[in-house]
Each structure stands twice: as C-alpha cells, then as structure tokens.
Protein chains: 2
Amino acid sequence: MSTQKLPQGVLPDTISLVFGHPDATTLPVDELRVATETVLGSPQACTALQYGSVQGSPALIDYVVDKLNREESLGLTQDNLLIVAGSTHALDMIARQHARCGGTVLVEAPTYHDALRVFRDHDADLHPMAIDENGIIVDELGVQLAALVHEGKSPRLLYTIPTFQNPSGVTITQSRREKIIELSREYGFVIVEDDVYRDLAFEGDVPPSFYGLTGGDTVLRIGSFSKIVAPGLRLGWLIAAPEQIKQYLECGTIQMGGGANPFVAHIMAEYCRSGNLESHVTRLRQVYCSRCNVMLAALERHMPRGVTWTRPRGGFFVWLTLPIGLHVRSLGEASRSQGVHFAPGTGFFAGSGGERNLRLAFSFVPSNEIDRGVRILAQIIREMMPQTD
Amino acid sequence: MSTQKLPQGVLPDTISLVFGHPDATTLPVDELRVATETVLGSPQACTALQYGSVQGSPALIDYVVDKLNREESLGLTQDNLLIVAGSTHALDMIARQHARCGGTVLVEAPTYHDALRVFRDHDADLHPMAIDENGIIVDELGVQLAALVHEGKSPRLLYTIPTFQNPSGVTITQSRREKIIELSREYGFVIVEDDVYRDLAFEGDVPPSFYGLTGGDTVLRIGSFSKIVAPGLRLGWLIAAPEQIKQYLECGTIQMGGGANPFVAHIMAEYCRSGNLESHVTRLRQVYCSRCNVMLAALERHMPRGVTWTRPRGGFFVWLTLPIGLHVRSLGEASRSQGVHFAPGTGFFAGSGGERNLRLAFSFVPSNEIDRGVRILAQIIREMMPQTD
C-alpha cells in the first residue's frame, strides 16, 4: 500500500491527509487498458480521435442517462445531459453563464476551495451560508436571502455539495433540501448541485438529489468520473432541463473543442458498457468506508477532550474542530515539522472562518498511516491546549 | 479514402468542404495504441490516471520546450510553458483573464468563428481589423487604434492567427509582424498568437512568430496537437513569460482539474518521446500540400472570371470571394441542394462582412471529391452571375 504513487510535492516520508484523491491502488488500470484497446483497435478509433459531437460521446450520454434513471428514477432523456471535462468544466460554464461580472452567488461555509477560485475568476459576488452537521442551516439561509434582497442584490445561484460534502463530509437532510427548494422558488435562484461523492455512500440511503426533488426545475446537477473511476481522465456530466443544456451547447469553449475529451469519453463509454463501473463502485465504497472507520476510531482513541469532528456516511473527508483558543495555523506549522499534512479550514470559506478547522482526507492514505497521522496531530493539539489542572 | 468516418451530421453522399478537421486517414492510430499501452502497462499508469501537476505533464512540457527551442531558437525554459486542454482552453483562460466584462479586444476580419464565441462568452468588446493577402493591414490597424483611444477605450488584446490563418489561409509577413509589435508597445496591448497551423507549411520558410520576434515580451502564443496529431485528445500548450504562466496556474479551472488532461498528456509525451511526431508532421505537410494543390487547380479550372481566392502556403483553408452582386447565402442554398457544403464567410466576422466569401477546407475531403465539389460550386456561381452578353 505504501508504494502507491504520490502526487507531485509529496515527500515519501510524510503522511498526507491533504489530498482528496482516489486511492491509487483502486485505479482500474487493467479494465481501462482493455477499454482503450477496444477503442483503438476498432473503426471507432477515428471518431474517438477526431473532433466530436459538442454534447459529448453519444454512447457515454446513453450510459449515464440509463444509470441515473435506473438508480434514481429521474426520467432523464439524452437531451438532459451534457458530457463535460470533469466537474471543473461544468462549474466554469455555469459560473460564466450565470454569475460573471458580479453576479450574486451563495456558497456553503465551508465549501470546496477550488470552486471558490472558479467563481472568483469570473468576478462573482460570493456570500457564505452557514452549515451544521445536517448541511445548510435553512433558517439562516432565509434570513440572509431577505437581507441580500433588501440590499438590492438578486441571488442567481446557490452552489452546494449536498452529499458527503467537501470539505465537511456532511449531507443535507431531505427536509432541509425541500426547504431550500422552496427558498429557491421564492427568491428565483438556481441550485447548482455538485454531487460528485453521491455514489460513495458507505451504507444506508442517500437523500434524493435536488434534481430529483424538483424534477429538474431550476437545478443544475454536476456528476463526475473523477472520484469513481480516475481523475486523470477528466470526464463528468451536467444534467439540466433541455433548454438549459441547449444554452451550454452554444458556449464557445464547447463548440471550439468539439465536445468534452472525445478520446477518453469513448474509452469511458467502453469501460462502462462492459459492466465495470458497478462492481468498481461497490469496491470503492468498502475501501473508503473502512478508511473512514479507521480515521474515526483513531480520532476517538487519540484526540483530547474538546476536539470535535464530523462523522461522514460517505465520501472522502472528515472535518475537525479545535477547542476555542487554538488556531489551525499553529497546528499546521507544528504538524508539518513532524511530517503530517492536512488542509487548514481557512481555505474553504468565501469570507472569514475556518481558523479552528482542519479537513482530513482519508481517501488517499493507507489505514496504518491514518492512525499514525491522527496520533501525531492529537499529541500536538494536546501540547497546544492550556493545562487545566 | 471515401470510407473515412464522417463527423456527426455529415451525410455520406455530400461533399463537405466545411470541416477544418484533420484527414481521418492520417490519424496515427497505431502509434497512439503503442504509446497508450506503454503508459498503462507501466508504473506511470497511476500518475496518468490521477490528478496531475497544474502546469501539465512534465515529460510533455520538456518535449514541447525542446521542440520549439530546436526549431525556432526561442530560448524557452519549462517556466515558459503551460500544457492546456487544446487551444480552446488557452483562449478561454486568456479571454477570462484579460478581456472579461467588457475588455477591448482586436480581432482579424475575418477570424476564427469559435474564437469569437469564446470572447463573446466573456462579454469582451470586439473590434474587427481588416486583413489582405499579407495579413493585418497595419496602416488601418494604426488608424483604428488611434480612434479607439480617442473614444476612451484601451485595447487589451489583439487576437491573431498569423500563419495560414483560419479562415483565410493568409500569413502575416515578417515586416507587418514587426510593425504590429511596435503598435502593441505603443498602445500597450498583448498579442495573442494562435499559431496552431504553423507546423503545416507546404514549402519554404514561415515568418518568425510574434513570440520569437519579441522574445516573449507581451505575447501569449498558443499551440496545439489537434491539427498535427489528433483533435480528440484535446491537448495543446501556451507559451508566455514565466510571471504570466504563474498567473494562469492560479486559475480555478486549472487548479481544480489537476492540470490539463493528465492521461492523454502522458500518452502524448510517450508518442512524442518515441520520435513519432516529426515524421508524422512531414507526412501531413505532403498530404495537405497535395490537397491544397488539387483545390487551387480545380478553382483555376472551373471558376468563372470575377471569382478570386487566396493561395495558402500551409494549413487547411482557402478563402474565396464572389463577384460583386452575388451573396453567399444564395450560393449556400443552391449548393446544399446539390450536396456541396462550405462555411459561409459571414460567420467569421465580429462585425458585418463576409457576404461574398466562402471558407473552403481542403483538409478533410479526398482529392477527387475536392475537384467535384469545386466544379459544382463553380457551375452554380456561373448560373448566378448576370449574363454579360
């Protein structure tokens, strides 16, 4: 396990709880080899290597539509789906179309740091909305919406990662989702549902998606193969109402590029068509559930009283809160010197916040290192805490 | 030749002079199979399938830097280059960074239609600059710049395809390039040099690039593997001053995606490292030179007097001008009914223009069909022309 390739910049003798990457040992190299050989060894090679349909590889569209209809009874047609070059591509198109040049966007606090960058690149006006262990706090959202409207602002988007959120690991409950939908109708904003961790549930049911609850009305839902197959392929999808999909098809980037990554889209279609994805996702759920249990047990075992953390039921991340008086910056300096890396909470807020928070990723690091990393962090935190007796 | 796969929407019994696609029979399927097998059959598979370095695959950066230094003595280092997901990706980043929300951008008239879309998606304020058979007309550019400044506008970018331009096929002469650089220094705008056809010269020397003439000062140069290997791989590069490259590395899209298409970048690096690219480009030059000659000979043979066209020395396109009094719309309607398709000139202008122009792509259609297509077009034009005696 410890021989897995490390991302650039990771020293081999460190424990990196930073990266929200899939475990390298799970990457389905052999199945992708077979799929690639099938594509390049058949007449479809020339289609795969040429400019493609702007909506994306038809075979891959068919597969994803069938998968979502089978699993969630969404009643999608091919017209509801656009293949994108990873969730990044979808989010960038959405930010450009709905929020560029000062559009008001509501984001969770905390939220995914690189999504904040994408919105900032388009000069969106970002407003953080508090979350707790059940996701966005609906009453506070209502108060903030009223205040924004009072200021003359008209919120266009709410960007949410509703299921096994990055960075907090929390999931918005169904009743809160329903209330958020009511607010979206009242205030006329679009819900951008970044649901890339949805397939990685450890057990039990996942609440219906915003898309499912609304029937697709004013929801843009992003999915991705990055967490469930391989990020390096850069493939995902966007589902939306057909008239919305049509607007995205007119974007310069997607027209000029000839659709999202035609070559890898053909490979992915072949990989999925051969029935690989379902068994792979089943395996991933077991791997990440086990890793998460190791992390939660290590936290329970090692952390001093006063430290709290979320208990995710899927995904890649645990969100930890330090006792009052401690700052994540000091912890980061001390832990780096002992070879343990994590993502400080401060990067995940559109405004201030996160000074007492850490995102700990359990997806990328072998179980034995998780325990050791948490033990070292706990020891440092204990030393930073004021002596009570 | 006639069995090559057609892009979506092309009927098999039509002659499509529309598509600026590489000839499907030239796509290096076997060499890419070998390169892919090397990547997926080695330990680098896990790196290729994971999130990558934001600047792009180091092996591919090294290859492109060496190629450009070898061929053009540019003196580039790795810090001058960013791997991008095709020229689209580079142009979108440039438009967002320099021209979003109303930034003034100068474009050639005509210019690449999908580049216009990219700029429009960012609300850039586009101003067309006339070209002739030697590229941008420098005196007119100077007059227009003075007028823009007089209006209080501050041009930020000049977007040019200086070599074997899409759609016109023309190349800006070296002396004009030098004068444009003087104007860029005088008025403080950045030259965006989209040089994706540069490698496809039929014979003789190509003028030095804007990047080469300035030493990289205030020039952003875009290159791509789409025309010289395969568009479906979605890979290209951006070269610029290191401080400019650093700014692009901070973009949300490139951070969030983990660099441009890591998997295919590894494959491309392997393909190039094995020495495939040089011989492939040599072959492409012969193929497209021969196609272009067929088209020029067919135009000479069939077109009535009063019709004129450009004589490209590389690339994919010939630009045709109808006699005064004829409109490309009427020609398009008549030719479609006879199965011949082309791109009408009107799509290639930021303002008005192109009503008497056609872009004819010779890259994608077999030689025998080129002659037949041109013959049919000529016949229709002849019938549309007023009888002179």
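**Close-up views of the interface between chain A and chain B**

**View 1. Polar pairing across the interface of chain B and chain A.** Across this interface, 19 residue pairs are in polar contact, both residues at pLDDT 80 or more; a polar contact is a pair of N or O atoms within 3.5 Å, where within protein one must be able to donate a hydrogen and the other to accept it, and residues adjacent in sequence count only if both atoms are side-chain atoms. By class, the side of chain B that touches chain A holds 28 nonpolar, 19 polar and 13 charged residues. The model is predicted, with local features requiring pLDDT of at least 70 and side-chain atom pairs pLDDT 80 or more, whereas totals for chains, interfaces and linings use all residues. Residues are numbered from 1 along each chain as its sequence is written, chains are lettered from A in the order in which they are written, and side-chain values use heavy atoms, without hydrogens and water.

**View 2. Salt bridge between B:R100 and A:D123****.** The closest N and O atoms of B:R100 and A:D123 are 2.4 Å apart. Eight salt bridges are found across the interface of chain B and chain A, each a side-chain nitrogen of Lys or Arg within 4 Å of a carboxyl oxygen of Asp or Glu.

**View 3. Surroundings of A:Q50.** A:Q50 is buried, with a relative accessible area of 5% (buried: under 20%, 1.4 Å probe, protein chains only). Not counting residues up to four places away in sequence, A:Q50 touches A:P262 and several residues of chain B, including B:H21, B:L27 and B:F364 (contact: heavy atoms within 4.5 Å).

How values were computed
Buried means under 20% relative accessible area, exposed over 50%, partly exposed in between (1.4 Å probe, protein chains only). Ala, Val, Leu, Ile, Met, Phe, Trp, Tyr, Cys and Pro count as nonpolar, Asp, Glu, Lys and Arg as charged, and the others, Gly among them, as polar.
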